[in-house]
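Dear colleague,

Please find below the structure that I am handing over to you. My notes on what was found in it follow directly after.

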Amino acid sequence: MHQPIGKVAVLGAGVMGSGIAAHLANAGIPSLLLDIVPSYTAEDEKAGLRPQDRAFRNKLALQALENIKKSKPALLYSQRFLPLIQVGNFEDDWHRLSQCDWIVEAVVERLDIKQQLFARVEQVWRPGSIVSSNTSGLPIRKMVEGRSLEFRKHFLVTHFFNPVRYMRLLELVAGEDTDPEVVRRMADFGRFRLGKGIVFGKDTPNFVGNRIGVFALMATLHAMMEMDYQVDEVDAITGPAMGHPKSASFGTVDLVGLDTMLHVVRTLREDLPQDEGQRYFQMPQFVTQMVEQGLLGRKAGAGFFKREQSAGGEKQDLVLDWKNLTYRPKQRYDYPALKATKDIHDPGARIRALVESDDRAGRFAWRVLRDTLAYTSRRLFEIADTIVDIDNALKWGFNWELGPFETWDALGVRETVERMNAEGVQPAPWVEEMLAAGVSSFYRAGTLRREYWDPAKRAYLPEPRPESFLVLSELKRTRRIVFENPGASLVDLGDGIACVEFHSAAQPKLNPIDDQIMEVMHKALELGAKEFRGLVIHHQGEQFCAGANLLMILEGAMSQAWKAIDEMVRKFQAITLGMRYAPIPVVTAPFGFTFGGGAEITMGGDRVCALAETYIGLVEVGVGLVPAGAGHVFMLERVLEGIDEPILDNLPFIRKAFETIALAKVATSAEEARELKYLRPCDHVELNRDQQLWTAKRMAIALAEQGYRPPLPRTFHLPGRSGIATLRVILHNLKLTHNISSHDEKIATHIATILCGGDTTIHNPVSEQTILDLEREAFLSLCGEPKTQERIKYMLLNNKPLRN
């Protein structure tokens, strides 16, 4: 039985080291963050520090801790986790490495320094503990040169991507002597404790993600020069239209840093002299000049792009003209191919439409994709043993919607190869052999799970993944779909548990609540008690639920269909409260955007199984409305939890709920959602999205097996008129100081009235139904406000989710 990983030492307190320590804290793992003792300077003496002071000797690690604390976007799920990170230095605290179960190195990317460091590590290393390097490409055999066999057995590469919290990829690379059990332990720890997507790479330069991702970026750069395109023109093509992030190609380089990019490409050029991609690994002179001039990207304030104020004081986005290294205003490119892809949600269909277009966008996209796919096919077995690892590396490390082989399938393997061959580009021989054998795709739907083509075995194999990683689309092929419409489904998960799955036909990215989703949820509550012992609300799309269907609300308000809006709100309230009082347990499992009505659905569950990266908030005030799906009820029960009897004044507790709703506060993690009361102490936070459905299902089963009983409806003792008056004074002062508008004051007064129980006193109990009636009346009143309708129109025109 191996010692579980309970404490970790992180060597190096730079960007990567501090990011690793922060994410360990997110997972509840204590860490020891160490760095060198800095050189003593006059500045230190002026600050009153002495060479022997711990504050000086731990200076670099303490600075890293401060950077973690202030980081934006936040590296920590919550500031509560900061104490899990202890700091020290390489001199005074080196002996403490013997107390750690895993030692991860994240120092400067120089082989000699890493070799010296691991020689020192072995002197205090506790046999059995794991040692790893976060190198982005240095060879293992050289890093552990001179180390004992036992040390080498416990050594591997654990390559995190930056920022560690947000980038899902963790590449594991074993050395020649690494014990397979060590790799398995780290894979389990990475998946189940840290929530990472694991890719198994080989000990080759830049491993998997960077080898292909950097080639794709360099192929893009050279294509731009050879085909005479501009930087902003290229990024208009290589972003979402190609299934890549909005940062596209050059925006991504600016984000990473040109100096970092230069180093990675130099590694490829020097360490892979026989690689057929060598011509792409030659850095153009203009990029070298950019680095010399300090145009390193976002960290320097300028790179391929920069933002500055115009003469009129407005912010202006500028782009570099690579031919003369001067900046000009960024342009908009409306090629027919780009227009055609905007409304295509399916990434495969979108990329296919782009590369099949014969305009500047289509021709450029095809050129880059052609070279990248061919190069990737030739790297199989050299950098990884499966196409699954390569695809996942690009999806998790570069945020591609589809991996290279998944993209190839979407384009049609045979058609793509024929087009390549016609242009003198050759994919790997195994691709041609696969087609000759009558196999036309890299992936196919298997009986139980997706299968991938293994050229070595000349057969399809089930995609490897833990049994706890449930995929709804696969379950729907083998399990009963109880009820379904275009917007949602009720799926039998087995073991007496059903799942409500959202898949909005109109807005599949955001899944706003509409009649179709409400129909399935109503049906789930109706059938649940008869056919199941528990219910889960979850799906595996991009965002959980970005609120109400604003277009439906706006159309109703513009046509003054007040009765229809009233019925819609009553129906939604019945669903959210119906979840709470259903005879079977309901577990909600949100992730990503969980705004407005999505937050109310989440809070309506008996338990929440939230993904750590859940951004939740009651944000209706952003469009001039108030929560009307029992959001006020759920916030009141949370802020007044444990207060059973009337007390003289509970307004301080209610004020917390008031500020959360009136300021449209959004939690930037599930742990922060606890602090804002969207989640309760009994709710669970899951770090790995692939396991979220399994965990939520287990939670529903556990509640059922414990003999679940729905809670009794509760009443609230609320301050009523006196509380409303107090909050109105605060709002009036805010308006006088121009912090809020008259319309903001009107919305917030409605919220104050609802939370304080309306026309009552603290001695008169207020029912949940009274709160529901108050929020419904406020919602209808605000729907009729011209300013509210203007806000909704703005939100719809700008295609932004329902948030402030």
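In this predicted model, Ile 537 is in contact, apart from its neighbours within four places in sequence, with Val 500, Phe 502, Met 521, Phe 544, Met 579, Val 586, Val 587, Thr 588, Ala 589 and Ile 601. Together with Trp 102 and Phe 502, Ile 537 touches the most other members of the largest nonpolar core, which has 135 residues. Helix α32 (residues 768–783) supplies the largest share of this core, eight residues. A second, separate core comprises 91 residues, among them Leu 217, Tyr 280, Val 355 and Leu 369.

An open sheet is formed by eight strands in the order β3-β2-β1-β4-β5-β6-β7-β8, with mixed pairing. Its edge strands are β3 (85–89) and β8 (197–201). Strands β1 (residues 8–11) and β4 (residues 102–105) run parallel and are joined by four bridges; Val 10 stands opposite Val 104 in β4.

The count of aromatic pairs comes to 26. Phe 215 and Tyr 375 are stacked, because their ring centres are 3.8 Å apart and their planes are at 5°. Phe 215 belongs to helix α9 (residues 209–227) and Tyr 375 to helix α16 (residues 360–379), so the pair ties together parts that are 160 residues apart in sequence. Phe 215 is buried, with a relative accessible area of 2%, and Tyr 375 is buried with 1%. Arg 379 lies over the face of Tyr 375, at 4.5 Å from the ring centre. Elsewhere, ring pairs link Phe 118, Trp 125, Phe 151 and Phe 155 into a cluster.

With kind regards

How values were computed: Residues are numbered from 1 along each chain as its sequence is written. This is a predicted model: local features need pLDDT of at least 70, side-chain atom pairs count only at pLDDT 80 or more; totals for chains, interfaces and linings use all residues. Side-chain values use heavy atoms; hydrogens and water are left out. A nonpolar core is a set of buried Ala, Val, Leu, Ile, Met, Phe, Trp, Tyr and Cys residues joined through side-chain atoms within 4.5 Å. Buried means under 20% relative accessible area, exposed over 50%, partly exposed in between (1.4 Å probe, protein chains only). Helices (H or I, at least four residues) and strands (E, at least two) are DSSP runs, numbered from the N terminus. Contact means heavy atoms within 4.5 Å. Two strands pair if DSSP finds at least two bridges between them. Rings of Phe, Tyr and Trp (its six-membered ring) pair if their centres lie within 6.5 Å; planes under 30 degrees apart count as stacked, over 60 as edge-to-face and the rest as tilted. A charge sits over a ring if NZ of Lys or CZ of Arg is within 6 Å of the ring centre and within 35 degrees of the ring normal.
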